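Please examine the model shown here.

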Amino acid sequence: MKKQDCIFCKIAAGEIPSKTLYEDEKFRVILDLGPATRGHALILPKEHSADLYVLPEETAGEAMKLAKKMALLLRDKLHCEGLNLVQNNGEVAGQTVSHFHLHLIPRYSDDGQKINWIPSSPTQEELEAVRKEIAE
């Protein structure tokens, strides 16, 4: 079901033109209009889900299968040296459109991007406390 005011729903449905790389009955894959690197693409489910938390499990699995297919295509066609698969949930995590989507970002040795995080150094006790909080 499409959400009326969602721009990604409109793009996925073909109501707004896009640079489409792939389309089937459940997904549309487009080039990002503000790419991090050459070939930066977005996988958009046609069914609206705001984020990963509410995305149907079946759609999540299908999105990952499509991500692999598209990653291989980008590697083979663009000769990228690596690829980041990025998926943000919530504004604090960098989500700017409230419609689940996966970023496929081809990486090149001279692309100037820094798509990483700063590792922290928790103690073994801190890690165990977090493990218990999550697992128990």
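Thr59 counts as buried, at 16% relative accessibility. The model is predicted, so local features need pLDDT of at least 70 and side-chain atom pairs count only at pLDDT 80 or more, while totals for chains, interfaces and linings use all residues. Residues are numbered from 1 along each chain as its sequence is written, and side-chain values use heavy atoms, with hydrogens and water left out.

Student: In which element is Thr59 found?

Tutor: Helices (H or I, at least four residues) and strands (E, at least two) are DSSP runs, numbered from the N terminus. Thr59 touches Phe27 and Pro45, not counting residues up to four places away in sequence; contact means heavy atoms within 4.5 Å. The element that holds Thr59 is helix 2.

Student: Is Glu62 buried, partly exposed or exposed?

Tutor: Glu62 also has its place in helix 2, residues 57–78. Buried means under 20% relative accessible area, exposed over 50%, and partly exposed in between (1.4 Å probe, protein chains only). Because its relative accessible area is 23%, Glu62 is partly exposed.

Student: What distance separates the C-alpha atoms of Glu62 and Lys26?

Tutor: Leaving aside neighbours within four places in sequence, Glu62 is in contact with Lys26 and Phe27. Lys26 lies 36 residues from Glu62 along the chain, and their C-alpha atoms are separated by 8.9 Å.

Student: In what order do the five strands form the open sheet?

Tutor: Two strands pair if DSSP finds at least two bridges between them. Strands of a sheet pair through backbone hydrogen bonds, either parallel or antiparallel. Here the pairing is antiparallel, and the order is 1-2-3-5-4.

Student: Why is one side of strand 1 and of strand 4 left without a neighbour in the sheet?

Tutor: Strand 1 (20–23) and strand 4 (82–86) stand at the edges. One side of each is left without a neighbour because each has a single partner strand.

Student: Which residue is the bridge partner of Phe27 in strand 3?

Tutor: Strand 2 (residues 27–31) pairs with strand 3 in the antiparallel sense over five bridges. Within strand 3, the bridge partner of Phe27 is Pro45.

Student: Which residue in strand 5 is the bridge partner of Leu42?

Tutor: Strand 3 also pairs with strand 5 (residues 102–107), in the antiparallel sense over three bridges. The bridge partner of Leu42 is His103.

Student: How many residues of strand 3 are buried?

Tutor: Both faces of strand 3 (residues 41–45) are covered. Ala41, Ile43 and Pro45 are buried on one side, and Leu42 and Leu44 on the other. The number of buried residues in strand 3 is five of five.
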